[in-house]
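Hi everyone, thanks for making the time.

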Amino acid sequence: MPADKSEILQGTLDLMVLKTLSTMGPLHGYGIARRIEQISEEALRINQGTIYAALVRLMQKGWISGAWGTSNNNRKAKFYSITKTGRKQLSAEARSWERVSTVIGRVLRIAERG
Amino acid sequence: MFAWIRTLASRTRTLFSPRQVDQDFEHELETHLDLLTDENVHRGMTPEEARRAARIRLGGNTQLKDTNRELHGLPFIETFFQDVRFALRMLRKNPGFTAVAVLTLALGIGANTAIFSVVYAVLLKPLPFTNPDQLFTAFQANKQQGIAETGCSYLNFEEWRAQNHVFSELAGIVAHQLTLTDGGDPTVVNTSVVTSELFALLDVKPLVGRIFSPQDGKQGAPPVVLVSEDLWRGRFGADPRILGTSINLDQRPFTVIGIIPGAFHTPFFTTKQEVWIPLVQDPVFSTRMPQRASHLLPVIGRLKPGVSVAQAQAEMDAISGRLAAEFPAENSGWTVRLVPLQKEIVGDVRTALLVLLGAVGLVLLIACANIANLLLTRATSRSKEIAVRTALGAGRARIIRQLLSETAVLGLLGGAAGIALAYWGVKALSSLLPSSLPQMNPIRVDYFVLGFALLLSAIAGVAFGLVPAMFAANADIQSSLRESVRVGESRNRRRARSFLAAGEISLALVLLVAAGLLLRSFSKLMSVSPGFDVQHIVKADISLPQFQYSEPRQWTAFSDELLARIQSDPGLQDSAIAVPRPIADLRVTLPFDIVGSPPVSASGAASRTTSYVSISPGYFHVMSIPLLSGRLFDQRDIMSSPRVTIISKTMAQRNFPNQDPLGKQITFGFPPAPGVMHEIVGIVGDVRDDSLGQDPRPMVYVPYAQAPFWGANVVVKSTLSPSSVAATIRQEVQKIDKDLPVTDVAKMPDLIDASVAQPRFRTFLLGLFAVMALVLAATGIFGVISYSVSRRTNEIGIRVALGASRGTILRMVLRETLVLTFAGLAVGLPCALAGSRLLRNMLFGVSAGDPATLAIVAITLAAVAALAGYVPARRAMLVDPMVALRHE
């Protein structure tokens, strides 16, 4: 059950998928997974299957949409693209993520000094 | 946030096309795998290696699909449907079990729903008026005179209205019957005589026309009448042109101003009222309007919003105080009692209904215990299936959920059947309901009652399912799986089954004791002699129109002629007149004083009151009431001769202990002449004139010739059929006056029957429930013992093989039965005693803890239980040891 995993991780993956789709345009599941791995310089080696849970969640929220198409090497694949509400959500989430990470960074620094 | 709605919508969609979702996902995964494999091949792996690495990278195929399905669907609902489907399959596979369980449950829930529909309509549902919580009755009470509840005089009513600040409106209401001579044969109509405020107070909208205005209540206003929808449709063909025309009531024209909807019930009266007229227009009651001592009007009031009962009571107390100071002769000692209208209407039916509801609830509890027992038996034989499920990874919660789904389905099936039964039961109940039961709201299975039934079946389903489910989920998988043929029953489970069976006995005992007490009390009631001969007595009521027969002289003339005519008919010689007749709805109670002893008001003692009946000379003979001493009334006792009275035995014993009352004088009479001197000329036997259940009250009889009424109740003793008696009376009445109706012809035995309708109703129902409980409990015992015997076949075989005699085996099994039974009885007895205390006020001639009833019921129950245990015990006795040993 997805609920068993920590919410932060889920949210993080969702955010990364949104960001990827917003910069790269429509991509299929494999493309998204590869892209995230490349950007993170292979630091984030996810179980690629988990990307699909994130995609279903984002679809259900209406932040991305999916359509069947053909990949470069002529395979049938589902291409995902970010929607208008998805973009709005992304900027909101990104801002709040930055805020949170700043705060956490500050707290950690204080903790080190203290 | 709409996100979750969208999520829900998209998930719900998936419920209907699960396969499509699966296929799509498979395509996606396939493509992903291919792309990963390609990448790995690029890196120099062999195709096989590449494929394998890609699989690992992607994650477990099945797990991914499961996650996907869960994300897409509504897992709770899906597993629920799965459970329900499975439950239905299991129930179909065991048709015998299912039939027994559903039937048991249907009986329990059906009976509960039917009784609840009555309780709901009578006790719970608010009265069908606007803001019914604000409605109160205001009665007058007098502690010194021992009067708890009576009407108030019209003059006091006017003071109440003028002086109070707590009620937004007050209205008075009385009822009697008037003769209607339009639209067909003369007939008597139930007439409510009201002050003009009543309909505005109750916020009743007329179907057509208007309700009374304040002007209609004034002296000298033209007479107007409101007609009920039923009368309007039945007698006047629903003709709207009736408005503005006049109809004759007691041969006086009243202008019809409105039609009152059929759904309206006049408070206080269980009979349907047919016309309403202003008090000032009534031939009888209007004459009493100027009398301040005449306790004429029961009053209804509507509290102003925000006013509490305590405030209202305080205000009315203050007004009573002022009135007592101003008019001490009529008002000293009189107070006002405020009672919520609903409470007043429901009256003492409340306890009886709640007892019935409790009883029927116990029946359901026994039914649930029975089904729980059946389920426990089944759970034992299913423990292997459950062990397999557990071994395959089903969690404890998941198994409990599955088992509970099964019992919930069972509960709902039983509930559905029960509701069907309740529809039928309510119909049957309606015909049984005593007519005195207040029915302001119609009794039917409406949404609220349906909701109750559904809730009941859901609760029942969980209640009888929980125990077996807990046991099943706790089962030891290892041993369950290992045992090949015989699946062992845990000690705890056996104990639970015995506990349930014993509990059923306890509950059945409670019900049986209650039913036994009511039954004994009812048979005592029925064997009470009313004090007169009821056989072959027919009574008929005739009321004389006030406007034509306004003089007492006319009343006597009419009754003399009528009696002479009736008595001249062959077979009807034994006829007499009595007002009011015995077992009547109405009774006249008057205070009295004994000449020569200090008057009550002066001595300060509790007031003396007596019932009052006016009779024609032949009355005691017709009714076979014995003359104990003195003489009967005869031709001497006429209007112009000295007033005489005959008193009852109780009256004589209470007021003239160790004296001869004959020749003594007592004073009584109606206002405005309350102190009329009467000489006692005779003493007669007591009569239970009110109801069989009440001790005879003191009574005075006076000659009709000296105390005529405006109507006559004729009693005839005849061996002719009641209908021919009625026909003759009708004929003779019409010969005297063709506009006079004869109503309410009835046989005296029927009247006695009707007077015990309420006790009969509750005795019958409680008896029915007790029988249901007895049967259910016997089935429970039977089930437990036969299961125990079948499980012990092996052991019994060994015992027999080792030389145990059949008698020993029989005794062994019977002992098990009796231990259960006596445990149940021991627990049930104190409960039954506590329960029967609730019945205290409904019992007649039997005490709540009546030892004979207890003993008989306990013995009956033990005998039935022993019989239920004997059947399987016999089977055990006849076990063939060879077969039993091979049974393994």
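**A walk through the two chains**

Let's start with chain A: its secondary structure comes to four helices and three strands. And keep in mind throughout that this is a predicted model. If you follow chain A from the N terminus, the elements go α-β-α-α-β-β-α. It has 114 residues, and 27% of them count as buried. Now take the contacts in chain A between residues at least 6 apart in sequence: 46% of those join residues at least 24 apart.

So what do the strands of chain A do? The three of them make an open sheet, in the order β1-β3-β2, and the pairing is antiparallel. At the edges you have β1 (27-28) and β2 (64-70) of chain A, and each has a single partner strand, so each has one side without a neighbour in the sheet.

Next, where the chains meet. How many residues does the contact take from chain A and from chain B? It's 22 residues from chain A and 21 residues from chain B. On the chain B side, α1 (3-16), α2 (18-42), α3 (47-58) and α4 (61-72) each put in at least two residues. The largest share of that side comes from α2(B), with eight residues. By class, the chain B residues that touch chain A split into six nonpolar, nine polar and six charged.

Let's run through its partners. With strand β11 (residues 334-340) of chain B, β1(B) pairs antiparallel over seven bridges, and that's where B:Gln140 stands opposite B:Val336. With strand β10 (residues 299-303) of chain B, the pairing is again in the antiparallel sense, over four bridges; there B:Leu135 has B:Arg302 as its bridge partner. And with strand β2 (residues 147-150) of chain B there are two bridges, also antiparallel, with B:Asn142 opposite B:Ile147.

Now for the nonpolar interior. In general, for soluble globular proteins, nonpolar side chains tend to be buried together. Here, the largest nonpolar core has 104 residues, and among those with the most contacts inside it are B:Val363, B:Leu511 and B:Phe769. Helix α13 (residues 349-381) of chain B gives the most to this core, 18 residues. Let's zoom in on B:Phe769: setting aside neighbours within four places in sequence, B:Phe769 is in contact with B:Ala111, B:Ala359, B:Val360, B:Val363 and B:Leu511. There's also a second, separate core of 60 residues, which includes B:Val188, B:Leu201, B:Ile259 and B:Leu338.

Two single residues I'd like to show you. One is B:Gly110, which is in helix α6 (residues 95-124) of chain B. Why does B:Gly110 count as buried? Because B:Gly110 has 25 C-beta neighbours inside 10 Å. Not counting residues up to four places away in sequence, B:Gly110 touches B:Gly418, B:Leu421, B:Ala422 and B:Gly425.

The other is B:Ser405, in helix α15 (residues 396-432) of chain B. B:Ser405 has 23 C-beta neighbours inside 10 Å, so B:Ser405 counts as buried. Leaving out residues up to four places away in sequence, B:Ser405 touches B:Phe80, B:Asp83, B:Val84 and B:Ala87. And from B:Ser405 to B:Ala460 it's 55 residues in sequence but 12 Å in space, C-alpha to C-alpha.

Last stop, a helix pair. Helix α25 (residues 757-791) and helix α27 (residues 806-837) of chain B pack at an angle of about 145°, with their axes 11 Å apart. Their crossing is right-handed. From α25(B) the contact uses B:Ile781, B:Val784, B:Ile785, B:Ser788 and B:Val789, and from α27(B) B:Val813, B:Glu816, B:Thr817 and B:Leu820. By class, that's six nonpolar, two polar and one charged.

That's the tour, and I'm happy to go back to any part of it.

Notes
Residues are numbered from 1 along each chain as its sequence is written. Chains are lettered from A and ligands numbered from 1 in the order in which they are written. This is a predicted model: local features need pLDDT of at least 70, side-chain atom pairs count only at pLDDT 80 or more; totals for chains, interfaces and linings use all residues. Two residues are in contact if their C-beta atoms, placed from the backbone, lie within 7 Å. Ala, Val, Leu, Ile, Met, Phe, Trp, Tyr, Cys and Pro count as nonpolar, Asp, Glu, Lys and Arg as charged, and the others, Gly among them, as polar. A residue is buried if 20 or more other C-beta atoms lie within 10 Å of its own, exposed if 12 or fewer, and partly exposed in between; C-beta atoms are placed from the backbone. Axes are lines fitted to C-alpha atoms, for helices over the stretch in contact, and angles run from 0 to 180 degrees between N-to-C directions. A crossing is left-handed if the near helix is turned anticlockwise from the far one by less than a right angle, and right-handed if clockwise. Two strands pair if DSSP finds at least two bridges between them. A nonpolar core is a set of buried Ala, Val, Leu, Ile, Met, Phe, Trp, Tyr and Cys residues joined through C-beta atoms within 7 Å.
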